[in-house]
Structures are given as structure tokens and as C-alpha cells.
Amino acid sequence: MVLLCGSAFAQGILGGHVTGNIQLDGQISHADTVIGAQNVPEKLLSNSRADILYTNGNFSAGLRFEAYLNPMLGFDARYKGAGIANYFASYQSELLSVTAGNFYEQFGSGMILRAYEDRYLGLDNSIRGLNVTLRPFKGVTLKALAGSQRFFWIYQTSSLVRGLDGEVNLNGIINSMAESKLRLTFGAGFVSKYEPDELITSIETPGYKLNLPRNVGAGAVRMDLNYGNWSLQAEYAHKGQDPNIMNNYIYRDGEALMVNATYSQKGFSANIQAKRNDNMCFKSVRSESGEMLYINYIPAITKQHTYAFLSMYPYATQTTGEMGVQGDVMYKIKKGTLLGGKYGTDIHLNGAVITGIDTNTLGGVGTDGYTSSWFKTGDLYYTDLSLEVAKKLSSSTKLTCTYGYQIFNPIVEGHGGDLHHNHVVVADLTWKVSKKNVLRFEAEWMGSDSKYSRDVDDKRCGDWIMGLVEYNFAGSWFISASDQYAYKDGIGNYYNVSVGYTHGATRLQLGYGKQREGLLCIGGVCRQVPASNGLTFSLTTSF
């Protein structure tokens with residue numbers, strides 16, 4: 001699928017402006033026993049939406065129409081249907097912002113609240129209610145909200161989400177710091193969910209009914225410090241007792257810490273991130289599994305790769321418990337040096353290690369569950385190390401070479417089996433044939449110690465090769481062809497051909513080929529993508 005959102009405007013409705021965009025995605029898939037693609041009874045599946053926005057001065061209002069007839073492969077069947085999915089009216093000024101209806105919001109890094117949408121993941125946990133932002137003084141921002149979360153076509157009106165957040169920028173409220181190199185911001189937030197009681201019994205203790213908290217609170221404090229080339233962000237969150245299906249209905253409090261430090265100057269930047277989260281699954285409905293109805297979001301600190309084999313094993317954030325560290329360094333070798341050459345050379349090194357947390361079991365359902373030491377690690381979940389070197393060979397050609405090494409533990413996807421150790425090599429050559437014509441070649445190889453077996457049925461296993469050719473011409477057309485082939489200890493040959501055309505704000509793309517089953521992850525949030533074999537198309541336009 002391809003998504004292109006743009007905006008143009010029309011005038012003349014009560015002196016305001018109307019803008020919008022329309023998207024239509026479709027899929028025709030056939031059965032393929034080799035890759036595991038199932039037969040699709042409807043033959044044609046489609047996801048479509050239309051967003052309409054009206055603005056007039058400080059006032060705006062909008063709505064979104066969605067249709068899933070029927071949902072494309074990998075999207076939850078509960079989306080089936082059509083109708084107005086959300087709507088809102090909003091007023092914004094320098095002092096006050098008020099939104100009634102559906103809204104998206106985030107407190108800090110999102111560890112206690114993040115209402116957002118990602119259409120690629122089929123995820124929308126918007127809140128329908130009231131959201132108010134007040135800026136009473138320069139450098140001070142206060143937020144308050146209340147509402148219920150979207151759950152496919154309904155809203156969980158029996159469950160309520162309430163939140164307060166405040167942020168103070170010292171450079172804005174202290175005159176002597178207005179021009180200081182030191183920039184300092186503090187923030188704090190609190191979110192509470194209300195959910196009615198329900199009957200949940202303990203299998204371990206027959207006849208025992210859990211005493212469930214109807215109100216669960218989570219609070220966080222954060223800091224953002226900048227001085228010259230340095231910056232430091234830190235946030236700590238704590239959640240009260242919240243027995244739910246994701247943590248096996250235990251009563252242990254949750255907590256999370258994230259720290260991010262960065263140094264940058266011309267031609268060089270370095271970043272290090274560290275996080276630890278323990279029992280931080282926070283949903284508006286305690287019995288809901290899967291990716292829907294999350295109130296919060298635990299940010300991923302692993303790199304989001306774009307190349308096929310480097311992203312074949314994406315890491316899914318473990319909200320029940322994990323800890324890790326990531327380092328990232330970018331350096332540009334100057335022009336005119338031995339290694340820099342005529343155009344300079346860009347080097348990008350990234351590494352991350354994620355583990356579980358060390359735990360000592362206390363009991364099961366209805367207990368505190370376990371104890372855990374802050375600085376002791378558990379099982380290795382994920383390791384990712386990549387080195388990317390990009391260099392212009394001439395004024396019209398650029399070569400990017402990447403090496404990656406990954407260790408992946410199937411337990412993070414709920415499976416058993418041994419660790420997978422993968423080596424990946426990528427070569428990406430771009431040739432600017434003319435002002436409006438670009439030709440790109442990509443070759444990838446992955447060697448792995450994993451072997452495909454029907455018992456585990458993980459079709460990513462084995463050694464792989466891939467080739468891709470893409471041509472963009474006339475500033476409007478593009479065509480690409482690629483093939484991924486498991487040549488040793490694996491299964492599958494996944495070819496794809498696609499063509500696209502862009503005219504103004506309208507884009508059409510057609511594709512034909514095979515898609516491997518696996519996880520699609522964005523920012524540590526994932527959805528399962530089943531195997532498919534057939535045609536896909538996408539049409540987007542805006543006005």
C-alpha cells in the first residue's frame with residue numbers, strides 16, 4: 001500500500017476553507033500453499049477513507065468516513081463495515097484550545113498517555129470526549145481531557161479515560177533565562193481510567209473472586225534539558241495496581257524510565273538511549289488483548305530499518321517487562337580527505353540490546369506476581385548492530401553499503417525455539433540519469449543459523465538473497481521489480497512488480513506479487529501480516 005496525504009483548499013463556504021483527502025486501497029489474493037496464503041472468499045478486499053476538514057479563523061471542524069468492505073488481509077475483521085468513524089469541532093487561540101469529539105493527544109513521551117492513529121497498523125485509539133489546553137503564561141502549558149476510547153466501530157463508554165498534564169519552560173517564565181544557552185523544561189502528568197467491576201475468578205483458587213480496582217491511576221514526571229550541543233531528556237512513570245489479561249491479573253505496580261542523551265555538531269552526532277519498563281500495560285478495558293485500547297505507549301529504542309532483510313525481524317515492545325540500551329553515531333568524513341574524496345563520506349553506526357527483566361516469582365492470579373531488581377537483566381530478547389556507509393561516486397551516482405548483525409529471540413512474538421543469529425549485507429546504488437529520471441538498484445543477502453521447519457512454520461528462517469530495480473521517470477511515473485528468494489534452509493520465492501503514476505495531488509499505484517507472512521512494526525507496535533499472493537492497488541487524492 002502507498003499513502004499520500006496532501007492538502008489543497010477550496011473557499012466559499014461561510015467564508016471558511018474546506019480541505020480533504022481520499023484514500024482507497026484494494027487487494028485481490030489467491031491461495032498459495034507454499035507461502036501459506038489462504039483463499040479469500042470475497043476475492044476483492046478494500047480499505048477506504050475520506051477526511052474532510054473545515055476551517056474558519058480560530059474554528060475548525062472535521063469528520064472521517066471509513067469503509068472496510070471487507071478488511072484487507074492483516075486488518076482485524078471487526079473493522080468490517082462503513083460509516084463515520086470520528087468527528088470533532090475545535091477552537092484554538094493563543095490562550096485556549098478546546099476540542100469536542102474525537103481527538104489525539106500525548107503526554108510527554110507517551111508512557112502514561114498516547115492517543116494516536118496509524119493506518120498502516122490498523123490502529124486507532126482516539127478518545128471521544130473533551131480536550132482542553134490552556135496557556136495562561138508564556139512558557140506554561142496545562143492540559144485536561146476526558147472521554148472514552150475507540151474500539152473498531154464502537155466507543156467504550158462504560159470505561160472512561162481522564163488526564164491532566166502540565167509543562168513549564170523556565171526560559172519562558174524567568175526573564176533572566178530568556179537568552180540563556182541553557183534551555184530547561186519540566187513536565188508532569190496524571191492519567192486515570194475508570195472501569196466497572198466484573199466477575200473474574202482465579203483458577204488457582206477456585207471460588208475466589210478478584211477484588212478489581214475500578215479506578216487505576218498512572219503518573220509521570222519528565223525533564224528536557226538543552227545546553228549548546230548537548231541535550232538530555234528523561235521521564236519516569238508509575239502506574240498503580242492494574243490486574244489485567246496481559247499481566248495475568250496480578251496486583252504489582254508498574255513503572256518505567258526512559259533517558260535520552262544527544263550530542264551534535266556539524267558533521268557529527270551521537271545519541272544514547274536507555275529504558276526500563278515493568279508491568280506497564282495500561283488499557284481502558286482490562287480483558288482486551290492485542291494492540292487495541294492501549295492508553296499509553298512505551299517507545300521503542302531500536303532502529304526502524306527500511307531495507308527488507310534488516311526489517312525482517314522487527315522488535316515488538318514488551319509492555320510486561322523489558323530493559324535495553326541503544327547507541328547511534330553519525331559522522332561525515334570531510335571532502336578532500338583520503339576517505340572523504342571529492343564529495344565526502346557519511347558513516348552511520350547503530351547498536352541496540354534489549355533484554356527481559358530479572359524476576360522472582362511470588363505467585364499467580366490475584367498476587368503481586370513477582371519481585372524484580374532494577375539492574376538485573378533477564379533473557380536476551382534482541383540485539384541489532386548496523387554500519388552504513390554512503391558515498392557519492394560522482395555528481396549523478398550514490399552508493400550506500402550496509403552491514404547488519406541481529407540476534408532475535410522468538411519468545412518476544414510468543415513462540416519457542418532457539419535464538420536466530422542473522423548477518424545482512426545491503427548494497428544500494430542510485431543513478432540520476434537526468435533531471436527527472438532516476439534509476440536505483442538494490443541487492444541484499446542474509447545468512448542465518450535458523451532453519452525452516454513445519455513444526456515452527458517461521459517462513460523467515462534460512463539464507464536469503466534479494467534484488468530490486470526501480471526507475472522513476474518524467475517526475476510522474478515509477479516502476480519497480482524485486483524478488484526475495486530463500487535459497488538455503490528456508491522456503492519461498494517472493495517476487496513483486498509495481499507501477500505508479502502521480503499527477504498533482506493524485507497518485508495511483510498497482511502491484512502484483514507475493515508477500516511473506518510476519519510482523520509489521522512501527523515504533524515497537526506491531527500487527528501480524530498474513531501471506532498473500534495477488535494484486536494490490538492504491539488511489540489517493542486531496543483537495
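This is a predicted model: local features need pLDDT of at least 70, side-chain atom pairs count only at pLDDT 80 or more; totals for chains, interfaces and linings use all residues.
Biologist: What makes the nonpolar surface patch?

Modeller: Ile22, Ile52, Leu63, Phe65, Ile84, Tyr87 and Phe543 make a patch of about 590 Å². Patch residues have over 30% relative accessible area and no salt bridge; nonpolar side chains (Val, Leu, Ile, Met, Phe, Trp, Tyr) are joined within 5 Å, and like charges within 9 Å. The areas come from the Shrake-Rupley method with a 1.4 Å probe, and for residues only the protein chains shown count as cover.

Biologist: Which strands each supply at least two residues of the patch?

Modeller: Those are β4 (59-68) and β5 (81-92). Strands (E, at least two residues) and helices (H or I, at least four) are DSSP runs, numbered from the N terminus.

Biologist: Why does Phe65 count as partly exposed?

Modeller: Phe65, in strand β4, has 38% relative accessibility. Buried means under 20% relative accessible area, exposed over 50%, and partly exposed in between (1.4 Å probe, protein chains only). Phe65 is therefore partly exposed.

Biologist: Why is the contact of Lys193 and Asp242 called a salt bridge?

Modeller: The term asks for a side-chain nitrogen of Lys or Arg within 4 Å of a carboxyl oxygen of Asp or Glu. Lys193 and Asp242 meet at 3.4 Å, N to O, so the pair qualifies. Lys193 lies in strand β15 (residues 182-194) and Asp242 in the loop between β17 (230-239) and β18 (254-265), so the pair ties together parts that are 49 residues apart in sequence. Both Lys193 and Asp242 are buried.

Biologist: What makes Asp428 and Arg440 a salt bridge too?

Modeller: Their side chains meet at 3.0 Å, N to O. Asp428 lies in strand β24 (residues 420-434) and Arg440 in strand β25 (residues 437-448), so the pair ties together parts that are 12 residues apart in sequence.

Biologist: Are Asp428 and Arg440 buried or exposed?

Modeller: Asp428 has a relative accessible area of 9%, so Asp428 is buried. Arg440 is buried as well, with 18%.

Biologist: How many salt bridges does the structure hold?

Modeller: The structure holds 31.

Key: Residues are numbered from 1 along each chain as its sequence is written. Side-chain values use heavy atoms; hydrogens and water are left out.
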